[in-house]
Amino acid sequence: MTIGSADAIDRRTLSQQIYERLYQQIELGALGPGERLDERRLCEMLNVSRTPLRHAVERLAAEGLVDKRPYQGHFVRSFSVEDVDNLYRVRIALEEFGIREAARRMADEDVDELDGLARAARSAFESGDLVGLSEHDKRFHALIMQCSRNSTLVDLLAKLGSQIHSIRTFANQNHDMARDTTDDRAAVVEALRGRDADRAVVLLGHHIDASPAIGDRSTTGRSWGRTMSVVGQHIGCIEPENTEHTSWGSLCWLIDERVPGAQQTLGVVTIKPGKSNPLHRHPNCEEILYVVSGECDHRVGDDIVRLKAGSAVCIPQNAPHQARVVGEDSLVVVVSYSSPRREVENLENDDTA
């Protein structure tokens, strides 16, 4: 554990300064996942008393960055794949809604300010300033959400903010990921400048990426955030070896039981115009379906609903379901199953479902 000396701590705001120092070191990995926060050692290194240190650590625990274990002390939180999955599912849903609202409501001055933050983030990336990159990225997302003019949305994201920021900063340590997201910000700005909400949503889905680095941090698998990044790039058009082609379209599997430690199945399904997949059900798992592009009439049991880009539906285990494409465009959806071994029972014909 290396967190530097206490020279720069301002005693007028001691607890806040300690909090910021520890927060930053957790972000940068100097305080690693699962590491115990040794109170005596931290007090000696920072040259502070236990009371302000305890206040700072309790605040980190309240924000979900530190775990308190009875009779053991405080430990830097280790984010599991499930933790990241859950966090990014919620984040994507909230920010997608927020950017649609922002596209309608933000003024030209807001877009200019957002452009300034995107340029500052690029400058920080090019100079290797990871802390600056993280801070500009945080402000970039916050400004978009503020421009939604929805205080409830802003409050909800603020409650998740520390955990999101910590994971995002860790992901930024991956140079290729940081470079890609730097390009994404400029594209998001231009989409919002043109008030193109649909394009802004797709670009934001690409930008919000937990990355393989999160798998390294939690020791297993990938995350939903990574899947949405793949969706943003329309991965359905590539041809990995685990793509299944059918008479009605294709199924591209990104994560399943072949990935060590996987806890679910994730994939991208494409259905051709005028086609439908067979009526089928999954005896061992529930399914979450998210529409990236196109439209369909989606049947679950006896109910049929029209799904469009941005629509999502949860399909219960063993429920018969089917999607029939409406319009001239292919349907592209992300599918997530609650088991790494997706079982399927075709109720209509012998085609792949």
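**Notebook: helices, sheet and rings**

I began at Leu133, which lies in helix 6 (residues 130-146). Helices here are DSSP runs of H or I with at least four residues, strands are runs of E with at least two, and both are numbered from the N terminus. The model is predicted: local features need pLDDT of at least 70, side-chain atom pairs count only at pLDDT 80 or more, and totals for chains, interfaces and linings use all residues. Residues are numbered from 1 along each chain as its sequence is written, and side-chain values use heavy atoms, with hydrogens and water left out.

**Entry 1: Leu133**

Is Leu133 buried or exposed? Leu133 counts as buried because its relative accessibility is 3%. The cut-offs I used are under 20% relative accessible area for buried, over 50% for exposed, and partly exposed in between (1.4 Å probe, protein chains only). I then checked Leu133 against Thr182. They are 49 residues apart in sequence, and their C-alpha atoms are 9.2 Å apart in space.

**Entry 2: the whole chain**

I counted elements next. The chain has 11 helices and 13 strands. Of its 353 residues, 49% are buried. I looked at contacts too (heavy atoms within 4.5 Å). Among contacts with a separation of 6 or more, 71% are between residues 24 or more positions apart. The accessible surface comes to about 16,500 Å², and carbon and sulfur atoms hold 46% of that. The areas come from the Shrake-Rupley method with a 1.4 Å probe; for residues, only the protein chains shown count as cover.

In what order do the 6 strands of the open sheet run? The order is 3-4-5-12-7-10, with antiparallel pairing. Strand 3 (243-245) and strand 10 (312-315) stand at the edges with a single partner strand each, so one side of each has no neighbour in the sheet. Neighbouring strands are turned by 20° against each other on average, direction ignored. For such angles, axes are lines fitted to C-alpha atoms (for helices, over the stretch in contact), and values run from 0 to 180 degrees between N-to-C directions. Two strands pair if DSSP finds at least two bridges between them.

**Entry 3: strand 12**

Why is strand 12 (residues 331-337) largely enclosed by the rest of the structure? Because 7 of its 7 residues are buried. Leu331, Val333, Val335 and Tyr337 point one way. Val332, Val334 and Ser336 point the other way.

Strand 5 (residues 265-271) pairs with strand 12 over 7 bridges, antiparallel. Strand 7 (residues 287-293) also pairs with strand 12 in the antiparallel sense, over 6 bridges. I followed Val335 to both partners. Gly267 has Val335 as its bridge partner, and Leu289 stands opposite Val335.

**Entry 4: strands 8, 9 and 11**

Strand 8 (residues 295-300) pairs with strand 11 (residues 321-326) in the antiparallel sense over 6 bridges. Glu295 has Val326 of strand 11 as its bridge partner. Strand 8 also pairs with strand 9 (residues 303-307), antiparallel, over 5 bridges. In that pairing, Asp297 stands opposite Arg306. The hairpin of strand 8 and strand 9 has 2 residues between the strands, and Gly301 takes a positive phi near 65° there.

**Entry 5: helix 9**

Helix 9 (residues 197-207) is mostly covered, with 8 of its 11 residues buried. The buried ones include His206 and His207, as well as Leu203 and Leu204.

**Entry 6: rings**

I searched for aromatic pairs. Rings of Phe, Tyr and Trp (its six-membered ring) pair if their centres lie within 6.5 Å; planes under 30 degrees apart are stacked, over 60 edge-to-face, and the rest tilted. The count is 2 aromatic pairs. Tyr19 and Tyr23 form a tilted one, 5.7 Å centre to centre with 50° between the planes. They are separated by about one helical turn because they are 4 residues apart in helix 1 (residues 14-28). Tyr19 counts as buried at 7% relative accessibility, and Tyr23 counts as buried at 9%.

I also checked charges over rings (NZ of Lys or CZ of Arg within 6 Å of the ring centre and within 35 degrees of the ring normal). Arg59 lies over the face of Tyr19, at 3.6 Å from the ring centre. Arg69 lies over the face of Phe75, at 3.9 Å from the ring centre.
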